[in-house]
Amino acid sequence: MDPVRNPYAPGAGQRPPELAGRGRELDVFDIVLERIARGRPERSLMLTGLRGVGKTVLLNTLRSQAINSLWGSGKIEARPDQSLRRPIAAALHMAVRELAPRHRAPDRIDAFLGILKAFAQRGAPTGRAGAAKLRDRWQPGIDVPAATGRADSGDIEIDLVELLTDAASVASDVGTGVAVFIDEMQDLGPEDVSALCAACHELSQLGAPLIVVGAGLPHLPAVLSAAKSYSERLFRYQRIDRLDRIAADQALCAPAEREDVEYEAKALDLLYEKSGGYPYFVQAYGKATWDHAPRSPITAADVRVAAPEAEAELAVGFFGSRFERATPAEREYMRAMATLSLVEGAADGGGRDDMDAAVPTAEIARALGRKPASLSPARDALIKKGLIYSGERGTVAFTVPHFGRYLRTQPA
């Protein structure tokens with residue numbers, strides 16, 4: 001098999017050659033765009049799921065749909081150490097620039113850009129301490145002077161409501177909408193989450209043509225609910241899960257068929273067993289198998305020969321890089337989780353290694369011979385690092401599929 005023609009793409013956020021199993025989500029978003037364009041009420045959208053299920057790929061695809069519908073769009077990636085103010089200002093700047101050529105009144109665009117500039121600069125620190133850091137002297141690339149009296153109060157909730165409302169008004173002028181895409185949304189700070197919920201609530205009440213499309217780990221709904229109790233009704237939640245067998249086969253076979261290559265049925269059986277249907281793993285095993293297969297059709301024997309290489313690559317790039325970020329105490333905590341998650345998975349799935357199984361924190365403390373309170377720092381640090389999440393009170397689970405299986409292979 002020619003490695004140059006290998007169609008598979010196991011990369012972070014990299015679109016696979018065949019976006020299988022996501023047709024429903026794409027269709028739903030098309031309906032959302034069309035309804036908003038017709039003045040119908042719609043909710044903003046939140047995508048949740050484990051790492052490796054293709055949330056970022058789907059987010060980027062939804063953005064392409066918005067662009068194709070002539071919407072203004074901007075995308076950011078949330079970070080735990082960064083305020084929402086600057087990145088969302090940059091995203092809206094990009095969105096309005098896309099709309100500006102179709103707007104009949106340049107002064108209207110300039111007026112919004114002045115408000116946007118004031119919003120962005122309002123969060124910059126003042127005084128000698130703030131001036132000392134180059135990153136804090138950031139200026140948005142907006143040529144108009146900053147406006148006053150709108151989106152510049154310094155209260156992120158007040159300012160964001162006003163800014164998004166004005167952005168929606170600009171989009172309404174040209175008969176379209178604005179979509180803001182936020183990846184890793186669970187990493188936003190509590191004040192920013194609260195402000196974003198308040199802004200989406202106001203936009204929903206006004207019927208304004210602006211939506212937020214967020215993507216995050218499975219506990220994102222809990223993060224939003226903690227900020228505003230009405231967030232459960234404010235957003236449309238879509239859980240992005242692993243692919244079923246039909247979709248996983250399509251993700252492998254469709255790109256191969258374009259290269260005149262086929263798979264034997266037993267090869268597809270084994271690839272699904274190895275990958276578990278997780279899109280990132282499907283691509284990783286598919287790529288390794290292609291490179292090792294001597295000819296078409298690809299056989300189960302080819303998969304068995306290639307699997308160790310795929311697993312070695314995942315161990316370094318997908319699992320190992322995350323494991324290295326943990327301290328010794330945090331690794332001890334995760335090892336206990338890995339042992340217990342296997343037990344929990346066997347109970348839930350009839351012996352299947354189910355890494356989605358949540359583990360009671362009390363059981364982890366008991367396994368380590370520690371008091372639960374003494375393990376709280378390790379648990380909280382792992383949640384902040386995005387390695388585990390707490391979907392329900394008193395339980396934790398890995399954010400990375402098959403991470404427990406990986407940990408059980410590592411020396412203590």
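Here are legends for a few close-up views of this structure. It's a predicted model, so local features need pLDDT of at least 70 and side-chain atom pairs count only at pLDDT 80 or more, while totals for chains, interfaces and linings use all residues. Residues are numbered from 1 along each chain as its sequence is written, and side-chain values use heavy atoms, leaving out hydrogens and water.

**View 1. A nonpolar core with 80 residues is the largest one here.** A nonpolar core is a set of buried Ala, Val, Leu, Ile, Met, Phe, Trp, Tyr and Cys residues joined through side-chain atoms within 4.5 Å; buried means under 20% relative accessible area, exposed over 50%, and partly exposed in between (1.4 Å probe, protein chains only). Y263 and F403 are among the residues touching the most other members. Helices (H or I, at least four residues) and strands (E, at least two) are DSSP runs, numbered from the N terminus.

**View 2. R236 and E42 form a salt bridge.** That's a side-chain nitrogen of Lys or Arg within 4 Å of a carboxyl oxygen of Asp or Glu; here the closest N and O atoms are 3.4 Å apart. R236 sits in strand 5 (residues 235-239) and E42 in the loop between helix 1 (23-37) and strand 1 (44-48), so the pair ties together parts 194 residues apart in sequence. E42 is buried at 18% relative accessible area, while R236 is partly exposed at 23%.

**View 3. E332 and R370 make another salt bridge.** Their closest N and O atoms are 3.8 Å apart. E332 belongs to helix 14 (residues 328-349).
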